[in-house]
Amino acid sequence: MGSTRRDFLAMAGGSAVALAGGKTFPNPAQLPGHAGGENVNSGQRDFSSVMVIAAHPGDAFFAMGAPVAVATHSGGQGWLLSLSLGERGSAKIPADQYGELQRQAAEKGAGIMSAKALFLHYRDGEIPVNEEAKFAVCDFIRENKPDTVVTHWKGSWHKDHRACYDVVQDALFYAGLPAIARKEPAHTVKRLYFANNWEDANDFVADTYLDITAVCDQWLNACAVFPMWRGENGFRYNDYYSSLAIGQGCLSNFQRAVSLMSAEDQRVRRIGTP
Ligand SMILES: [Zn+2]
């Protein structure tokens, strides 16, 4: 019997995950090449409290929001931190006005997912990689104490996204280091994932699939409050991300799923002798 891509997905990294309340297909054993459910639920705790950290609110909600909805759905907490309001995203609406629309949408969308919207106010297109930004993100992490952070993958054509990746890497380090004295004590984030974002696709390799079936409608409703969701600024986010959830679900044997990429140091597995 030949190995299939599905075998590979089930074995690669041992990190396919599902949450209680999510639905798998009724009889997965009937699917050709399905390797069984040994990995399902193994990563459940990763998504009990989730902070997403994005360059722009659209990224936080469209590319990273579903894991937040999973966290709150299972009784945990979720935060969506945007480093900028993405206020320069509209060709028609002046930046000041558009930034306010984005902020309002983020507040409302977070409410729909029973999560909290957080903001830093760097200018869209000018997110810096500096100590101020790293410590500002560090402070949000220490204050809220998420177990898991989801952020941008560095393989992006967008400079703000690459800046966010760099800022988050060092912010996580600062947050976890007790010798760095801030207002709040040190907090170590247990898991770091990168989101599957159409703008960050260079060398992105998914290794983790999260079942979002139970929260998919809620997450899409939260996305739909944004003024650019339906292609108003040129890219049809609604079509792309709702279709992606279906496609990733097909690959992972869930009805709906998001795929994520683990941070490099989390790909190490330890296997003892039985
Ligand atoms: Zn962006």
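Axes are lines fitted to C-alpha atoms, for helices over the stretch in contact, and angles run from 0 to 180 degrees between N-to-C directions. Helices (H or I, at least four residues) and strands (E, at least two) are DSSP runs, numbered from the N terminus. The structure is a predicted model, in which local features need pLDDT of at least 70 and side-chain atom pairs count only at pLDDT 80 or more, while totals for chains, interfaces and linings use all residues. Residues are numbered from 1 along each chain as its sequence is written.

**View 1. Packing of helices α5 and α6.** Helix α5 (residues 131-144) packs on helix α6 (residues 159-176) at an angle of about 55 degrees, and their axes are 8 Å apart. This angle makes α5 oblique to α6; angles under 35 degrees count as roughly parallel, over 145 as roughly antiparallel, 65 to 115 as roughly perpendicular and the rest as oblique. The contact (C-beta atoms, placed from the backbone, within 7 Å) involves residues of α5 including Phe-135, Val-137 and Ile-141, and residues of α6 including Val-167, Ala-171 and Leu-172.

**View 2. Packing of helices α3 and α7.** An angle of about 130 degrees relates helix α3 (residues 65-73) to helix α7 (residues 216-223), with 9 Å between their axes. The two helices are therefore oblique to each other, and their crossing is right-handed. Gly-65, Ala-66 and Ala-69 of α3 meet Gln-218, Trp-219, Ala-222 and Cys-223 of α7.

**View 3. The open sheet of seven strands.** The strand order is β3-β2-β1-β4-β5-β7-β6, with mixed pairing; two strands pair if DSSP finds at least two bridges between them. At the edges, β3 (116-122) and β6 (208-211) each pair on one side only. From one strand to the next, the twist averages 30 degrees. Strands β5 (residues 191-195) and β7 (residues 257-262) run antiparallel and are joined by three bridges, and Tyr-193 has Ser-262 of β7 as its bridge partner. Helix α8 (residues 237-252) lies across β6 and β7, at about 75 degrees to β7.

View 4. Met-261 is buried, with 21 other C-beta atoms within 10 Å; a residue is buried if 20 or more other C-beta atoms lie within 10 Å of its own, exposed if 12 or fewer, and partly exposed in between, with C-beta atoms placed from the backbone. Beyond residues up to four places away in sequence, Met-261 touches Trp-153, Tyr-193, Phe-194, Phe-204, Val-205, Ala-206 and Asp-207. The C-alpha atoms of Met-261 and Ala-206 are 4.6 Å apart, although 55 residues separate them along the chain.

**View 5. Positive phi at Asp-203 and Asn-253.** Most residues other than glycine have a negative phi. Asp-203, in the loop between β5 and β6, has a phi near 65 degrees and is exposed, with 9 other C-beta atoms within 10 Å. Asn-253, in the loop between α8 and β7, has a phi of about 65 degrees but counts as buried, with 22 C-beta neighbours inside 10 Å.

Note on methods
Contact = placed C-beta atoms within 7 Å. Left-handed = near helix turned anticlockwise from the far one by under 90°.
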